[in-house]
Amino acid sequence: MGVATTTTKPFETQLSPALLKKAQCELGEDEERRQQVIEIIRQWVAQQPHLQRIRMDDYGIICFARGCKYSLEKMKTKMDLMFTLRTALPEFFAGWDPLKPQIQAALACGSFLPLPNYDQHGRKVIVMRPGCYDPFRHKPEDIEKANFMISDVMVQNDEQLFVSGMVIIYDCEGFTLNHFTQRPLSLTKKHMYYLQSAPLSPKTIHFIRTTSVFQTVHNVMTNFINDKMKQRLKVHGPNVESLYQDIDRKILPKDYGGDGMSIAELTDMWKKKVEEKRDFLMESEKNLRVDESRRLGKAKTAQDIFGIEGSFRKLNVD
């Protein structure tokens with residue numbers, strides 16, 4: 001998940017009074033602190049030659065601030081890392097034209113589906129469906145591109161997400177060993193690394209409708225995440241009923257026994273939203289990249305970041 005906002009519009013919060021109070025109590029946020037952090041980060045970016053291409057508005061800075069609980073050093077670390085990774089991972093962040101046939105096909109699968117309503121704790125709920133596509137027809141890189149595009153569109157106008165947080169539902173229905181073997185392990189490692197660099201981590205990751213290969217894949221995946229994230233994983237098994245204890249049933253898709261939009265409806269909705277934001281997404285591809293040739297000190301290569309094949313580094317930035 002990224003914070004891709006490339007306009008220069010001054011920031012004016014749209015949070016409700018209740019959420020503003022939550023931000024004040026939990027993050028120490030107020031109007032003065034918001035303006036201070038915007039000014040400090042803008043001055044810092046101006047002093048970093050390799051970040052001069054970056055075009056991020058005040059809202060994007062505040063999203064980072066909230067996700068990092070207003071820790072300036074953590075903000076700087078995560079911002080530099082995220083934009084560095086967006087440059088070093090063309091398999092995820094290059095070719096961002098949602099009208100390309102392969103991206104159209106990936107969007108139509110419905111692999112990444114944020115729900116329109118929040119749960120009983122005010123958190124964003126995102127459904128991820130790793131088994132929704134034919135692994136012999138779709139490249140996993142295209143699926144990931146489509147997912148990241150949806151993510152960038154989602155955060156563009158969702159202040160509440162960065163105050164109340166989010167939870168993820170991994171729907172494992174249809175996931176087979178072919179999905180795992182047709183996806184390079186290096187791609188999975190890079191994906192997990194990038195997600196842990198994001199300014200906001202999920203409060204909980206729920207696994208539902210798990211299949212026979214789930215445990216094997218789960219064991220491999222947990223090798224690439226830090227201990228803090230491991231504690232947030234919750235496996236519900238092959239059904240969905242126990243999920244209702246954690247997430248208000250009425251906001252869930254009809255497919256899960258809820259009252260919300262169906263998976264098919266959500267897929268169509270997000271495909272259209274991404275298509276409507278085509279210009280924004282294509283600008284984001286150009287404007288959220290670092291210039292390694294201008295980095296003070298040694299430029300960072302993909303090998304510096306990820307290590308040699310087979311010995312990836314584990315990220316410990318919370």
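1. The largest nonpolar core holds 88 residues; a core here is a set of buried Ala, Val, Leu, Ile, Met, Phe, Trp, Tyr and Cys residues joined through side-chain atoms within 4.5 Å. Buried means under 20% relative accessible area, exposed over 50%, and partly exposed in between, with a 1.4 Å probe and protein chains only. Val37, Met75, Met79, Phe83, Leu85, Ile169 and Ile247 have the most contacts inside the core. Its largest share, eight residues, comes from helix α7 (residues 140-155).

2. Before going on: this is a predicted model, with local features needing pLDDT of at least 70 and side-chain atom pairs counting only at pLDDT 80 or more, while totals for chains, interfaces and linings use all residues. Numbering runs from 1 along each chain as its sequence is written, and side-chain values use heavy atoms, leaving out hydrogens and water.

3. Back to α7: 15 of its 16 residues are buried. End to end, C-alpha to C-alpha, α7 reaches 23 Å, close to the 22 Å expected at 1.5 Å a residue (that is, 1.5 Å times one less than the number of residues). Helices are DSSP runs of H or I with at least four residues, strands are runs of E with at least two, and both are numbered from the N terminus.

4. The whole structure has 10 aromatic pairs: rings of Phe, Tyr and Trp (its six-membered ring) with centres within 6.5 Å, stacked if the planes are under 30 degrees apart, edge-to-face if over 60, and tilted otherwise. Phe92 and Phe148 make a tilted pair, 5.4 Å centre to centre with 45 degrees between the planes. Phe92 lies in α5 (residues 90-93) and Phe148 in α7, so the pair ties together parts 56 residues apart in sequence.

5. Ring pairs link Phe92, Phe93, Trp96, Phe148 and Tyr194 into a cluster.
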